[in-house]
Amino acid sequence: MLEGKALIEDTDMPVKMQIQAMASASQALDLYDVFDCKSIAAHIKKEFDNRYGGGWQCVVGSNFGCFFTHSKGSFIYFTLETLNFLIFKGASSPSSS
């Protein structure tokens, strides 16, 4: 089972969604070359948009930094094989009116 291969670094997702994130990543790695991070990320984003509604973001790579705001309960950062995966749903900024 893939859970043994994935290492969750940080998350606030429900466990069922975490498992889906790792399964989507594993499936994408089966479909695309490990160096095709853009296609891997697009595959995972589309899976999450279809399953949980639009607005999901996905970053895949071996070396990246990031800073973002996410919706509560929608963030996971994990490592699988040689890649790091960051999946989150963007949060709306409060409007200044």
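## Starting at the end of a helix

Begin by selecting Gly53, the residue that follows helix H2 and whose phi is positive, near 90 degrees. Before going further, note that this is a predicted model, in which local features need pLDDT of at least 70 and side-chain atom pairs count only at pLDDT 80 or more, while totals for chains, interfaces and linings use all residues. Residues are numbered from 1 along each chain as its sequence is written, and side-chain values use heavy atoms, with hydrogens and water left out.

## Helix H2

Now select residues 37–52, which make up helix H2; helices (H or I, at least four residues) and strands (E, at least two) are DSSP runs, numbered from the N terminus. The end C-alpha atoms of H2 are 22 Å apart, which agrees with the 22 Å that its 16 residues should span at 1.5 Å a residue, the expected span being 1.5 Å times one less than the number of residues.

Which residues of H2 are buried? They are Cys37, Ile40, Ala41, His43, Ile44, Phe48 and Asp49, where buried means under 20% relative accessible area, exposed over 50%, and partly exposed in between (1.4 Å probe, protein chains only). These buried residues pack against H1, S2 and S4.

Stay in H2 and select His43, which is buried with a relative accessible area of 13%. Leaving aside its neighbours within four places in sequence, His43 is in contact (heavy atoms within 4.5 Å) with Ser24, Gln27, Ala28, Leu31 and Tyr32.

Next, show the side chains of Lys45 and Asp49, which meet in a salt bridge at 2.5 Å, N to O; the term stands for a side-chain nitrogen of Lys or Arg within 4 Å of a carboxyl oxygen of Asp or Glu. Both residues lie in H2, four residues apart, about one turn of the helix, and a search of the whole structure finds one salt bridge. Lys45 counts as partly exposed, at 28% relative accessibility.

## The sheet

Turn to the open sheet of four strands, whose order is S1-S3-S4-S2 with antiparallel pairing; two strands pair if DSSP finds at least two bridges between them. Strands S1 (7–11) and S2 (56–61) stand at the edges with a single partner strand each, so one side of each is left without a neighbour in the sheet. If you select S2 together with S4 (residues 83–89), you have two antiparallel strands joined by six bridges, and in S4 the bridge partner of Gly61 is Asn84.

Bring H2 back into view, and it lies across S2 and S4, running at about 155 degrees to S2; axes are lines fitted to C-alpha atoms, for helices over the stretch in contact, and angles run from 0 to 180 degrees between N-to-C directions.

## Aromatic rings

Finally, select Tyr52 and Trp56, a tilted aromatic pair at 6.1 Å centre to centre with 55 degrees between the planes. Rings of Phe, Tyr and Trp (its six-membered ring) pair if their centres lie within 6.5 Å, and planes under 30 degrees apart count as stacked, over 60 as edge-to-face and the rest as tilted. Tyr52 is partly exposed at 27% relative accessibility, whereas Trp56 is buried at 2%.

The last stop is Phe68 and Phe88, which are stacked at 3.9 Å centre to centre with 15 degrees between the planes. Phe68 lies in the loop between S2 and S3 and Phe88 in strand S4, so the pair ties together parts that are 20 residues apart in sequence.
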